Amino acid sequence: MTAIRRSLAYSIADSYLALPLQLVGTMIISRLLTPAETGVFAVAAVFAAFASTFRDFGVAEYLIQENELDAEKIRAALTVNIAISWAMALLLFFFAPLAADFYRSQGVAEVMRVQAFNFILIPFGAVTMAYFRRELDFRPMFIAGLLANLATFVVAILCAFWGFGYMSLAWSSLAGVVVTVGTSIWFRPADFPKWPGVRGIVRVINFGKFASGIYFFGQLGKGAPEMIIGRAQDMVGVALFSRGSGLVELFNRTVLRAVMPVCMPYFAQNNRQTGSMISGYLMSVSYLTAIGWPFLAFMGIVAYAAIRIVYGSQWMASVPLAQILCAAGAIELIHYLAKEALIAGGDVKRSNLLQIVIQGGRIAGLFAVIPFGLIGACWGLFAAAVFGTACSQWSLSRTIGLRTRDVVAHCLPSFYIAAVSTAPVAFWVAVEGISEDNFLRFAFGGGTLTVTMWLLALRFFRHPLWKEVDDLTKKLITKYRLRHSGN
């Protein structure tokens with residue numbers, strides 16, 4: 001458990017040190033780039049994300065879940081990763097003009113060509129980082145993330161000030177990849193294989209053909225709104241949706257980004273040691289919903305203030321979109337870790353099938369309601385979230401024996417905590433309303449009130465997360481007293 005907590009500490013530190021840079025960068029970029037320029041990058045980024053799912057080819061997951069890992073398997077994984085990554089780089093580069101013609105924007109092609117270079121470099125760091133995750137050694141990942149975020153921030157802001165427009169974001173992403181790869185090479189163990197090999201690649205490919213499908217279909221569902229809206233409407237519509245979903249993405253950056261890299265190694269370790277991961281999975285669901293539901297509920301209530309502060313006044317049309325998407329995000333959170341649990345247990349084929357069903361429902365929901373505009377698209381995603389959660393529960397019940405009543409029992413305290421935490425600010429908004437004159441008061445005053453109520457609710461309902469908060473507080477106080485007494 002000590003290794004898990006240490007890994008979480010590094011991963012959380014990475015996310016929370018990156019958060020100020022990302023927030024400040026977003027605030028500046030949102031004011032320097034027009035909605036149309038933002039939409040161009042958002043569409044191009046979807047294609048790069050699709051290519052990335054094939055580029056990964058489940059190599060990291062293969063290394064993490066493998067029971068006995070040796071140098072031969074690592075070399076085989078590196079070989080597969082290089083071959084797929086470079087193929088995706090060529091595909092992105094030469095497919096760029098077709099994508100630009102389809103979306104009637106040459107800027108899409110320009111961004112995609114720069115993103116193609118990322119895929120040339122990534123394999124030389126990806127395998128090493130996967131090994132660190134398997135070993136629950138998150139210190140090199142923390143340092144790499146910190147340096148990469150600094151590089152991305154500086155390059156994006158400088159390029160935007162110099163008038164590079166949407167290309168500012170393309171060049172900043174390349175800078176982040178260069179720094180990440182360089183850092184991974186620096187921390188690579190001395191005995192770690194440096195060169196690719198061919199023995200064992202069939203095993204990697206057999207695993208990867210299903211694992212890559214999981215992330216491809218996941219990314220297909222994630223990127224579908226931008227792709228469908230970009231074609232059915234225009235780049236401004238894409239940008240408005242992107243800003244609306246930004247509040248949910250804020251939670252992903254602050255919490256899920258910290259938790260997700262640790263979850264799969266944790267589940268796999270549990271499965272190897274005990275033959276079951278149910279207790280670990282339920283604990284993870286309990287913790288995630290106890291944090292995520294209050295956060296997303298608060299963001300939905302004060303969406304006007306949040307978007308006004310982070311993105312600026314030109315993005316206020318995103319407010320109703322954000323509120324619906326926060327509700328959809330809360331539903332998805334219940335079984336957000338389903339695919340990680342299935343992969344950790346070695347059932348990669350079923351995980352792949354689950355993603356096909358979930359993301360197929362997501363795309364169908366979008367097509368069904370896109371004629372009703374952006375609001376309709378958001379409600380379609382909400383319905384798809386409900387469908388996807390039901391499918392995940394059915395799949396997990398059949399594979400690892402996860403009972404619905406156990407999930408409900410672990411989520412119910414989180415529901416009470418979310419209700420108690422956000423009730424005061426919800427009442428305040430209902431009475432006064434958020435406007436241009438008071439949005440700062442609601443954002444900071446309401447945020448302080450909600451966090452205070454959240455801590456009180458954790459303690460009142462005796463949620464397991466309270467013990468973690470209490471223990472951490474006591475450790476910090478003890479360290480402060482020891483340092484103070486030493487002076």
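This is a predicted model: local features need pLDDT of at least 70, side-chain atom pairs count only at pLDDT 80 or more; totals for chains, interfaces and linings use all residues.
Visitor: What share of the residues is buried?

Guide: Of the 487 residues, 54% count as buried (under 20% relative accessible area; exposed is over 50%, partly exposed in between; 1.4 Å probe, protein chains only). The protein exposes about 21,900 Å², and carbon and sulfur atoms supply 67% of that area (Shrake-Rupley method, 1.4 Å probe; for residues, only the protein chains shown count as cover).

Visitor: Which residues make up the nonpolar patch on the surface?

Guide: W86, L90, F93, F94, F117, I120, L121, F124, V178 and I185 form it, with about 910 Å² of accessible area together. Patch residues have over 30% relative accessible area and no salt bridge; like charges are joined within 9 Å, nonpolar side chains (Val, Leu, Ile, Met, Phe, Trp, Tyr) within 5 Å.

Visitor: And which helices supply at least two residues each?

Guide: Those are α4, α5 (106–121) and α8. Helix α4 gives the most, with 4 residues. V178 is found in helix α8 and is partly exposed, at 45% relative accessibility.

Visitor: Turning to the rings, how many aromatic pairs are there?

Guide: The structure holds 8 aromatic pairs (Phe, Tyr or Trp six-membered ring centres within 6.5 Å; planes under 30 degrees apart are stacked, over 60 edge-to-face, the rest tilted). In one of them, the ring centres of W86 and F124 are 6.5 Å apart and the planes stand at 55 degrees, so this pair is tilted.

Visitor: Where do W86 and F124 lie?

Guide: W86 belongs to helix α4 (residues 71–102) and F124 to helix α6 (residues 123–134), so the pair ties together parts that are 38 residues apart in sequence. W86 is partly exposed at 38% relative accessibility, and F124 is partly exposed at 36%.

Visitor: What is the geometry of the pair formed by F460 and F461?

Guide: F460 and F461 are edge-to-face, with 5.1 Å between ring centres and 90 degrees between planes. F460 is exposed, with a relative accessible area of 63%, whereas F461 is partly exposed at 29%. Both rings belong to a cluster in which ring pairs link F415, Y416, F460 and F461.

Visitor: Now the charges: how many salt bridges does a search of the whole structure find?

Guide: The search finds 4 salt bridges (a side-chain nitrogen of Lys or Arg within 4 Å of a carboxyl oxygen of Asp or Glu). One of them joins E72 and R199, at 3.5 Å from N to O. E72 is partly exposed, with a relative accessible area of 33%, and R199 is exposed, with 59%.

Visitor: Which residue does R308 meet in a salt bridge?

Guide: R308 meets E436, at 2.8 Å from N to O. This pair also links distant parts of the chain, 128 residues apart: E436 in the loop between α18 (404–432) and α19 (439–460), and R308 in helix α13 (residues 303–310). E436 is partly exposed, with a relative accessible area of 38%, but R308 counts as buried at 18%.

Visitor: And R441, what is its partner?

Guide: R441 pairs with E432, with the closest N and O atoms 2.5 Å apart. R441 is partly exposed at 43% relative accessible area, and E432 is partly exposed at 38%.

Conventions. Residues are numbered from 1 along each chain as its sequence is written. Side-chain values use heavy atoms; hydrogens and water are left out.
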